[in-house]
Amino acid sequence: MHSEFLMGNEAIALGALAAGVNLVCGYPGTPSTEVLETVAKRRGEGVYVEWSVNEKVAMEMAGGAAYAGARALVTMKQMGLNVASDPLMCLEYIGVKGGLVVLVADDPGPISSQTEQDTRSFAAFSKVPLFDPSSAEEAYQMVQEAFELSEKYQTPVFLRPTTRVSHGYASVRVKDPEEYTVHIPEGFVRDSSRWVIFPRLSFNAHRKIEERNEALQDDFSENPLNRIEPEDAAAAPLRKGVAVGGFSYTYVMEARKKLGALRTLKVSTPFPFPEKKAVEFLSGLDEVLCVEELDPVIERELIYLCGKYGLKTKILGKMTGQIPRSGENSRDSVTAALAAFIGRPLPPEEAETPPPLPVRPPVLCAGCPHRASFYAVKQAMKGRKTVFCGDIGCYTLGNAMPLDMVDTCLCMGAGLGIAQSLNHLEKDRSCFAFVGDSTFFASALPGVVNAVYNQAEFTLIVLDNSTTAMTGHQPHPGTGKTMMNQVVEKISIENILRGIGVTAVETVDPLDHAHAVETVRSIADLPGVKAVIFRSPCVALFRAEAQATVDPEKCIGCKKCIREIGCPALSFRDGKVHVDPAQCNGCTLCAQLCPVKAIEVTPPPTPAGGNPSDSATAGGNKA
Amino acid sequence: MTKNIILCGVGGQGTVLASRLISSAAMARDIPVLSAETIGMAQRGGSVFSHVRMSTDEVLYSPMIAKGEADLIIAFEPGEAVRQLPFLKPDGRMVVSSRPVMPVTAALSDTGYRAETMLDYLSSHVARLTVVDAERALKDVGSPKVLNLILLGAALRADALGLETADLKEAIRRNIKEKFHALNFRALEYEP
């Protein structure tokens, strides 16, 4: 064993490796992404790892491996679980042979997600057991237990960290590689009565799943991960307790230092719920405050148990207004709730109002090629009746002023369905769907097939920056790299589109503004489905060593560059435009717009569209 | 020794690396340390923060710092310093860069955001305030990208980190590519 300072996600990856995982796959999504990346960095020879094209395929890959007796880990964020839910729901009925751990990272807040859905509720829906870690150290232990449990009961098992667990750091005691379990899969054994799902199999499986989950409630009541932290002598007469799960446990334990220790139930397996342990906890308590994020899962379970066992304990939490129903908890919100709960409410905060603070919505980076792509389409379609359907990725940020080029954003790949639907309803509207390269492969292909076959009319804009940028630059089928360090043939977006039957497919460099506008104009009014692929690499990955500078003699202060493109490197001082050298990447877009040619970029850009260079400078914080 | 440290700024300024250097230096001295940072969409020009907690005399459960609990706030931007001020202890130290990062909205129309207003507010509310003239420091050190090390250096000299310069230099050696060592050392040891 040795100690390492690890991010929660890194600890989960090392835990899986220590458990002898054979296959790891997933699709990137904040806050889950670093799990798979760490496996790729730290894996031994025999471990297969890939970024799959989407979560559904990843889940099926992991299921297949587990059929063959391999230990498999599949990783995604909570939105990805929606994509993977079809295979997962069925896998629970079919069961597994090798351990299958489904890592789903939830995002209270939400900080970088579309929903605040709770995978603990999904666990109850899918009947899949779930571990809910409160720290990196616990996550390291739980992933190993999850593999054991999965094999013992032949079921997939969830591990569900939240953002603060996934992205928190701590010193964790981890095994040395020599101490790792070696797990040798038996291989797939043909047995159609086991691996082919039919209604009869599902009927029998359903009965067994319910019996198993009842048995698991007892198992989990004995598991020290579910435990009662005793009250101190001062708190005992209050006859009050706290039930807590996930990262909020750290808030409760910190608050105990200040407020005294109430009896505390730490719930690490919210499904199946550790019923006996919870009843033991409730015994002799008049009131319990449930502290959790997202759904009131623990709260509902305790209310149910009070009914089932005729207990008089009053259960408080989200449904009674003591804990907020949405958003994250915090050190301060939990301390305040606990203080009020024990009848010693904190004094109201002294409300001194600071001067108004700047609002900082996230923006596209300086030099981001997406900015140029959006601007080209905006210019080409000026004055027309249009709709611009956006999608999930950095380019959602094209919604910000002054670009204002995202009219809809729903979920991965949805822009294509929305754009074609709107055109069926409004023939005079020119409909556009913008999709990134990684999202194109993950979830846009059925939308293109649907549009071509059903005679839809819209323009597909593929924003190809040769990476999965928002989640931190993962490879995808268009990049020519795999997580097994292979250099492979790229899958061509142009060929896919032409193969489906899109006849008008144009590829253009968005940083060549005039040409980009001309291309969009020439294609937008063609009938049927047509596509423009804007291809230029992500600036955070391929940083050109170029800089724009403003000649103050020539700058007339018209602010056209600032008004039109909203680049964060541009500001206006003393009647002139200024370029922040720390942010500028010399993309040249502002120089192309300047009506008096006051902006010069040195050195001039290479025709290849930038020079791959090392962006890991001292202050450089890769996004 | 217990230190609760908040680093705050605007996505892309290098707060994450600075917090990792502090954590790495503490780990090397066997000081238990927890930290948490902003990752994801906010990194694209949004408000970001890192919390670093280290203690040799109490068990730390949460990497997050409560209001009024920070011994030190290292602010990479004056407005972000004001935003995080409620977390500072009454006798806590604040190290702040004087240089504002204007939100993109400010370039479109004047939002009224001024660094001077923020710095005035800080001087009247923070007893132990160190203002770093970032413009000048970056020019003197000769790179626009080392604000994080300049601010860490100022915190060291205010004796607010609970760590020594040598600890951070070692952390730089462990965490940053060799070709940047000299520049980072220069920034860390820069004095106006």
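Tutor: Let us begin with Thr162(A), which sits in the loop between strand S7 (157–159) and helix H7 (163–166) of chain A. Keep in mind that this is a predicted model.

Student: What makes the pair Arg384(A) and Asp525(A) a salt bridge?

Tutor: The N to O distance between their side chains is 2.8 Å. The cut-off is a side-chain nitrogen of Lys or Arg within 4 Å of a carboxyl oxygen of Asp or Glu, so the pair qualifies. This bridge joins distant parts of the chain, 141 residues apart: Arg384(A) is in the loop between helix H14 (369–380) and strand S14 (386–389) of chain A, and Asp525(A) is in the loop between helix H18 (513–524) and strand S18 (529–535) of chain A.

Student: Why do Arg384(A) and Asp525(A) get the labels they have for accessibility?

Tutor: Asp525(A) has a relative accessible area of 51%; exposed means over 50%, so Asp525(A) is exposed. Arg384(A), at 38%, counts as partly exposed, because that label covers values between the buried and exposed cut-offs.

Student: How do you know that Lys385(A) forms a salt bridge with Glu426(A)?

Tutor: Their closest N and O atoms are 3.3 Å apart, and the limit is 4 Å, so the pair counts. Lys385(A) lies in the loop between H14 and S14 of chain A, while Glu426(A) lies in the loop between helix H15 (414–425) and strand S15 (430–436) of chain A, 41 residues apart. Both are partly exposed, Lys385(A) with a relative accessible area of 38% and Glu426(A) with 24%.

Student: How many salt bridges does the whole structure hold?

Tutor: A search over all chains finds 44.

Student: What makes the link between Asn223(A) and Glu145(A) a polar contact?

Tutor: The contact is between the two side chains, at 3.0 Å, and the cut-off for a pair of N or O atoms is 3.5 Å. Asn223(A) is in the loop between helix H9 (199–222) and strand S9 (227–229) of chain A, and at 12% relative accessibility Asn223(A) counts as buried.

Student: What lines the largest cavity?

Tutor: It is lined by 18 residues, with Gly367(A), Cys567(A), Cys584(A), Cys587(A) and Cys590(A) lying nearest its centre. H14 and helix H20 (589–593) of chain A each supply at least two residues of that lining. By class, the lining has 13 nonpolar, four polar and one charged residues. The volume of this cavity is about 130 Å³, and the structure holds six cavities of 30 Å³ or more.

Note on methods
Residues numbered from 1 in each chain as written. Chains lettered and ligands numbered in written order. Predicted model: local features only at pLDDT ≥ 70, side-chain atom pairs only at ≥ 80, totals over all residues. Heavy atoms only, no water. Helix = DSSP H or I, 4+ residues; strand = E, 2+ residues; numbered from the N terminus. Buried < 20%, exposed > 50% of the residue type's maximum accessible area, 1.4 Å probe, protein only. 1 Å grid on protein atoms, 1.4 Å probe; cavity = no way out; pocket = protein on both sides within 12 Å on 5 of 7 lines; lining within 4 Å. Points joined across faces, edges and corners; volume = space filled by probe spheres on them. Nonpolar A, V, L, I, M, F, W, Y, C, P; charged D, E, K, R; others polar. Polar contact = N/O pair within 3.5 Å; in protein donor to acceptor, adjacent residues only side chain to side chain.
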